[in-house]
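Please keep the sequence and the structure open while you read.

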Amino acid sequence: MPRYPIIHAKRDSDTSSFLHVEQVDLEFSNGEHRTYERLKGSGLGAVIIVPMIDEETVLLVREYGVGVERYELGLPKGRLDRDETVEQGANRELKEEVGYGARSLKILHNLSLSPSYMTHMAHVVLAQDLYPESLPGDEPEPLEVVPWKLADLHTLVSRDDVTEGRSIAALFMAREYLAGRLQRT
């Protein structure tokens, strides 16, 4: 396990490079008025990738999560770049974070983070027929790649270092899709 980064200071920030607070005035069907605040992403969207190295094994990454101040095991993910399709962004992030490209990319669904106060959505992309290829990424340190059998998801989700909800949901979506049980309505 890598050594945790040292936190030298913490402070509130009223500016962010990718989020801002938006107020929304609403009137509900019963005439009730409310003003809500939500975090509004300024990016082009995001991807979360389920990379299958074979029919039974997904590749996870161990990455430091400053929000929880520890290393988390989850799926590769990232923001889409300008003029990039979902599939292109997923393949780029896969190459940057895992060291593989994919010949087959399938968008399974979208996931929100917290629909009550965030606009952010992430596309869940199943990546198959992988081949070795790396691109330089923006991570501050190399990510550890951890293979995991989809049949053992029940043990994965019981681990203390697996708490990121989008990764957990995307893994179950992929497992159900690969078993022929996921059907979007």
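The points below go from the whole chain to single residues.

1. **Ground rules.** This is a predicted model, in which local features need pLDDT of at least 70 and side-chain atom pairs count only at pLDDT 80 or more, while totals for chains, interfaces and linings use all residues. Residues are numbered from 1 along each chain as its sequence is written, and side-chain values use heavy atoms, with hydrogens and water left out.

2. **Make-up of the chain.** The protein chain has three helices and nine strands. Helices (H or I, at least four residues) and strands (E, at least two) are DSSP runs, numbered from the N terminus. Read from the N terminus, the order is β-β-β-β-β-β-α-β-β-β-α-α.

3. **Extent and burial.** Along the principal axes, the C-alpha atoms fill a box of roughly 55 × 50 × 40 Å. The protein chain has 185 residues, and 36% of them count as buried. Buried means under 20% relative accessible area, exposed over 50%, and partly exposed in between (1.4 Å probe, protein chains only).

4. **Contacts.** Take the contacts in the protein chain with a separation of 6 or more: residues 24 or more positions apart account for 64% of them. A contact here means heavy atoms within 4.5 Å.

5. **Surface and charge.** The protein chain exposes about 11600 Å², and carbon and sulfur atoms supply 49% of that area. Areas come from the Shrake-Rupley method with a 1.4 Å probe; for residues, only the protein chains shown count as cover. There are 21 positive and 31 negative charges, and their mean positions are 1 Å apart. Lys and Arg count as positive, Asp and Glu as negative; His and the chain ends are not counted. Each charge is placed at NZ of Lys, CZ of Arg, CG of Asp or CD of Glu.

6. **The open sheet.** Three strands form an open sheet, ordered β5-β4-β9, with antiparallel pairing. β5 (70-74) and β9 (144-149) are the edges; each has a single partner strand, so one side of each lacks a neighbour in the sheet. Neighbouring strands of this sheet are turned by 30° against each other on average, direction ignored. The axes are lines fitted to C-alpha atoms, for helices over the stretch in contact, and angles run from 0 to 180 degrees between N-to-C directions. Strands pair if DSSP finds at least two bridges between them. β4 (residues 57-65) and β5 have five antiparallel bridges. Arginine 62 has leucine 73 in β5 as its bridge partner.

7. **Partners of β8.** Strand β3 (residues 46-51) runs parallel to β8, joined by six bridges. Alanine 46 stands opposite alanine 122 in β8. Strand β7 (residues 100-112) is antiparallel to β8, with eleven bridges. Serine 112 has methionine 121 of β8 as its bridge partner.

8. **Two positive phi values.** Most residues other than glycine have a negative phi. Glutamate 69 has a positive phi, near 55°. Glutamate 69 lies in the loop between β4 and β5 and is partly exposed, at 33% relative accessible area. Aspartate 129 also has a positive phi, near 55°. Aspartate 129 sits in strand β8 (residues 121-132) and is partly exposed, at 45% relative accessibility.

9. **Glutamate 93.** Leaving out residues up to four places away in sequence, glutamate 93 touches Val47, Ile49, Lys77, Gly78, Arg79 and Val98.
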